[in-house]
Structures are given as structure tokens and as C-alpha cells.
Amino acid sequence: MRVSRLLAGAVLGLAAAVAQAADPDQAIRSTLGKLQPDLPIEAIAESPMSGLFQVHLKGGRLLYASADGQYLLQGNLYQFKDGNAVNLTEKAESVGIAKVVADIPVSEMVVFAPKQPKTHITVFTDTDCGYCQKLHSEVPELNRLGIEVRYVAFPRQGVGSHGYNGLVSVWCAKDRQAAMTKAKSREELPPATCANPVAKQFELGQMIGVQGTPAIVLANGQMIPGYQPAPQLAKVALSAN
């Protein structure tokens, strides 16, 4: 009788282990929860590679994990097909980033638009950033080529920094476009305060993986880290429309 009970307990334990192993979602969430309890997981699904699961984080970023949650990967997954390498991670992350950026109200941006825009780019910017200033000097050329430029704030040194205060002054100015141009020309703006989205946009940029400025998000969600000359940037932006 005692042997039967022990055997029954062993069978139940084995069944529980099998059930747990058969639930990758639970196993992966358990592992990630121990590593970072507040990790913003949106979904877990099988990746295109057999045996590997992709973890979709809020903001579009991806992690990869084994079914049992014991192995984690952060990086790019490529598919080689017909002699070409396709970055599957970048494609999936772009979809998520596009959704997040599309949810930013245009009224909370500083927009420089041509009369007949062909597409748009969203630029995470810092008025103290040299390459942001260089990019801004080429906004008229981008507009001429049909590119609408939408600025959102990303003070690289964080909330309360000189760059943060400068961006707040831009967003609180009566004429945001003129204030942005002055700030990007290294003119010190009169300090201004108001209800503004600068801190919120900074947090959003961090969430989608912005690490420096300018960070340019194309209409399809593809992120370009750093400055590109207007003709080159326009060509890429128009091809991603």
C-alpha cells in the first residue's frame, strides 16, 4: 500500500513536471519574473526558428527564450533565404515600434511639414545634441523632398538636465517651430514652464530602445540611430512608406 502511494505520488509529480514543461509561456514568464519582476511582457509566441520562443516586450523589443525558460537570448535572428539574410528581429520590432509611435498625438510633437508630404519621420531629439542641430539645418531640404519631420523630446542627460529644460522651453513656447529652430541654432531660450510631454516622451523613447540622438523612426517603424544627410535619409524614408 505504501509502495502504491509512493508510486502514485511519483506519477503525479512527473505529470506536473510534464505539464509545466509543456507550457513555455508559464516557464518563460517565471524565469523573466525572477530576473526582472517589472519586465513589461506583452506576449510570448513561437519564433520562426524551431524550439525558440520570442518574448514581445512593451515598446516593440524582442527577447528569445528556450521552451523551458532556462536559456535566454538578446540579439538578432536572421533567416537566410535565396542567398539573402533577412533580419527577422528587426522586422518584428519595427511593427511594435510603429504602433507605439503612431499613438503619440501629433499635437504633442513639433512638426515641420511640407505642403504635400509624401511620408513622415519621427525624430527623438535633444536641442543640445550637435548632430540633432545638423539634422535640423537640413529640415527645409527634407521638406522639399516631401518628408514631414515630427520631433519628439529625448533629453539625453535625463529629466532636470539643461537639455531637458531647453526642450520644455520649446514645447511651452507660443511658436514651437520657431523655438525649436532657435534652440537648434544654440540660442538660449527664455525659460518657460507648462504642462508638457517631455518627460513622458523621454520615457517612451527609452522603452522602444532609443539610446542616443537623433534617433529617427521611419513610417514603418524602422529605427535609424544617428544622423544621415537629407538626400540619403529622404531616400530611405520614401522607400519605407
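Some ground rules come before the details. Because the model is predicted, local features need pLDDT of at least 70 and side-chain atom pairs count only at pLDDT 80 or more, while totals for chains, interfaces and linings use all residues. Residues are numbered from 1 along each chain as its sequence is written, and side-chain values use heavy atoms, with hydrogens and water left out.

The helices I name (H or I, at least four residues) and the strands (E, at least two) are DSSP runs, numbered from the N terminus. Two strands pair if DSSP finds at least two bridges between them.

I start with the four-stranded sheet. It is open, its order is β1-β2-β3-β4, and the pairing is antiparallel. At the edges are β1, residues 41-46, and β4, residues 72-73, and each pairs on one side only. Strand β3, residues 62-66, is joined to β4 by two bridges. Within that pair, Y64 stands opposite L73 of β4.

Helix α2, residues 24-35, packs on this sheet and touches β1, β2 (52-57), β3 and β4. Touching, or contact, means heavy atoms within 4.5 Å. The direction of α2 makes about 135° with that of β1. For such angles, axes are lines fitted to C-alpha atoms, for helices over the stretch in contact, and the angles run from 0 to 180 degrees between N-to-C directions.

Now the five-stranded sheet. This one is also open, in the order β7-β9-β8-β10-β11, with mixed pairing. β7 (110-112) and β11 (223-225) stand at the edges with a single partner strand each, so one side of each has no neighbour in the sheet. Neighbouring strands here are turned by 20° against each other on average, direction ignored.

Going through the pairs, β7 and β9 are antiparallel over three bridges, and V110 stands opposite Y151 in β9. β8 and β9 run parallel and are joined by seven bridges; there, I121 has V149 of β9 as its bridge partner. Three bridges join β8, residues 119-125, to β10, residues 215-217, in the antiparallel sense. In that pair F124 has A215 as its bridge partner.

How many residues of β9 are buried? Seven of the seven are, so β9 is largely enclosed by the rest of the structure. Buried means under 20% relative accessible area, exposed over 50%, and partly exposed in between, with a 1.4 Å probe and protein chains only. In a regular strand the side chains alternate between the two faces of the sheet. In β9, I147, V149, Y151 and A153 point one way, and E148, R150 and V152 the other way.

Helix α7 lies across β7, β8 and β9 (147-153), at about 90° to β7. Helix α7, residues 176-184, also packs with helix α4, residues 130-137, at about 125°, with the axes 9 Å apart. That angle makes α4 oblique to α7; under 35 degrees counts as roughly parallel, over 145 as roughly antiparallel, 65 to 115 as roughly perpendicular and the rest as oblique. C132, Q133 and H136 of α4 meet M180, T181 and K184 of α7.

Last, G205, which lies in helix α8, residues 198-208. G205 counts as buried, at 0% relative accessibility. Leaving aside neighbours within four places in sequence, G205 is in contact with F124, F154 and V210.
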